[in-house]
Amino acid sequence: MYYNFSDEELRSTCRSSIETLEMWARRLIHEKMVENYGINYLDYKTDKVNYLVKKELRERIHRMIDSEPGRYSRYVDALFMDDICYFLCNDVFYKTLFKEALDYIYPQGKEEAREFLHRLISIRNRLSHSNPVSVRQAEQAVCYSHDFVEGLKQYYKDKGMEQMWNVPRIIRVLDSLGNVYEDLHEIKGVASCGIFIEHEFNCGDKYSVSIEVDSSFSPDEYDVLWSVDPHKHIQKGGTRYTITFDEKDVGEMCLLCCKIVSKKPWHRFYGYDFSLILSMSVLPPV
């Protein structure tokens with residue numbers, strides 16, 4: 001089916017699939033590492049000298065967190081694809097932390113997990129360095145990523161945690177100013193992510209934003225609702241929204257809201273499952 005895709009469509013398909021895998025993998029790693037070694041597991045020592053996590057990874061994550069305060073709320077949010085493979089397939093962690101979950105995806109064990117995850121690393125690197133992606137690589141990215149996510153979903157379902165995990169959420173945001181937002185973190189208790197747009201708009205300016213939703217969910221499984229405070233006009237739409245600011249939008253805090261609403265009979269939070277709130281300033285007309 002991918003032979004009729006443009007190069008950009010192939011890249012977008014691969015990126016969305018792999019980023020969804022990364023999102024779910026980070027959740028699993030964070031949960032298991034914190035549960036077993038505490039919230040500061042990155043600096044956990046097995047004895048007075050030796051650390052649990054290898055030195056180069058510890059130091060790089062700390063540098064990333066220190067260089068961009070506020071971007072990374074968890075260690076796992078600074079992990080690359082090869083780091084994810086390091087944690088999931090590490091001899092120290094695999095059997096005691098991750099085997100139970102990964103058996104749903106890789107029943108042949110750690111080496112099977114390492115093989116398929118390593119195949120995705122090269123594709124992820126091509127995407128990161130603007131290199132072309134072949135049809136075969138796109139097929140692999142989608143197939144391997146979806147197998148991973150569906151396996152974890154089944155794992156959590158069998159654990160009785162499907163309502164906590166099995167809902168669509170936004171994983172990436174792009175806007176007309178050239179901003180790209182990833183590693184979106186929810187405000188605890190409200191299933192929302194807030195982003196402040198550091199740009200002052202004038203009446204008459206246009207602004208557009210595009211979202212990418214967890215690709216393991218079909219677009220038929222959820223609705224996307226957009227609204228703008230303070231006038232609260234709610235409309236059902238797609239993954240892209242464009243607004244032309246006028247006087248009713250003027251304020252230091254004009255809020256553009258996007259809610260993801262699954263078509264299941266239950267919702268994670270008061271009628272929706274995930275929301276994105278973009279806050280921006282709109283200046284009054286001169």
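These notebook entries record what I looked up in the structure.

**Ground rules**

I am working with a predicted model, in which local features need pLDDT of at least 70 and side-chain atom pairs count only at pLDDT 80 or more, while totals for chains, interfaces and linings use all residues. Residues are numbered from 1 along each chain as its sequence is written, and side-chain values use heavy atoms, with hydrogens and water left out.

**Entry 1: nonpolar cores**

I began with the nonpolar cores, each a set of buried Ala, Val, Leu, Ile, Met, Phe, Trp, Tyr and Cys residues joined through side-chain atoms within 4.5 Å. For burial I used relative accessible area, with buried under 20%, exposed over 50% and partly exposed in between (1.4 Å probe, protein chains only). The largest nonpolar core has 56 residues, and within it Leu88 and Phe148 touch the most other members. At least two residues of this core come from each of helix H1 (7-37), helix H2 (55-67), helix H3 (81-89), helix H4 (94-102), helix H5 (110-128) and helix H6 (135-158). Helices here are DSSP runs (H or I, at least four residues), as strands are (E, at least two), and they are numbered from the N terminus.

Which residues does Phe148 touch, not counting those up to four places away in sequence? I noted Leu21, Ala25, Leu88, Leu102, Ile105, Tyr106 and Leu117, where contact means heavy atoms within 4.5 Å. A second, separate core has 29 residues, among them Tyr207, Ile211, Phe245 and Leu278.

**Entry 2: aromatic rings**

I then turned to ring pairs, for which the centres of Phe, Tyr and Trp rings (for Trp, the six-membered ring) lie within 6.5 Å, with planes under 30 degrees apart counted as stacked, over 60 as edge-to-face and the rest as tilted. A search of the whole structure gave 15 aromatic pairs. One of them, Phe87 with Phe93, is stacked, at 5.6 Å centre to centre and 20° between the planes, and both Phe87 and Phe93 are buried. Phe201 and Tyr207, by contrast, form an edge-to-face pair, with 5.3 Å between centres and 65° between the planes. Phe201 is buried at a relative accessible area of 2%, and Tyr207 is buried at 1%. I also recorded a cluster in which ring pairs link Tyr37, Tyr44, Tyr86, Phe87 and Phe93.

The charged end of Arg27 sits over the ring of Trp24, 5.5 Å from its centre, and that of Arg58 sits over the ring of Tyr51, 3.6 Å from its centre.

**Entry 3: salt bridges**

How many salt bridges does the structure hold? I logged 17, taking a salt bridge as a side-chain nitrogen of Lys or Arg within 4 Å of a carboxyl oxygen of Asp or Glu.

Glu22 and Arg124 meet through their side chains in one of these (2.9 Å, N to O). Because Glu22 lies in helix H1 and Arg124 in helix H5, the pair ties together parts that are 102 residues apart in sequence. Glu22 is buried, with a relative accessible area of 3%, and Arg124 is buried as well, at 16%.

The side chains of Lys55 and Glu59 also form a salt bridge (4.0 Å, N to O), and the two residues, 4 apart in helix H2, are separated by about one helical turn. Lys55 counts as exposed at 53% relative accessibility, whereas Glu59 is partly exposed at 36%.

In helix H6, Glu139 and Arg136 are 3 residues apart, about one helical turn, and their side chains meet in a salt bridge (3.7 Å, N to O). Salt bridges that share partners join Arg15, Glu19, Glu22, Arg124, Arg172 and Glu212 into one network.

**Entry 4: two single residues**

Met64, in helix H2, counts as buried at 16% relative accessibility. Leaving aside neighbours within four places in sequence, I found Met64 in contact with Tyr72, Ala78 and Phe80.

Notes: Lys NZ or Arg CZ within 6 Å of the ring centre and 35° of its normal.
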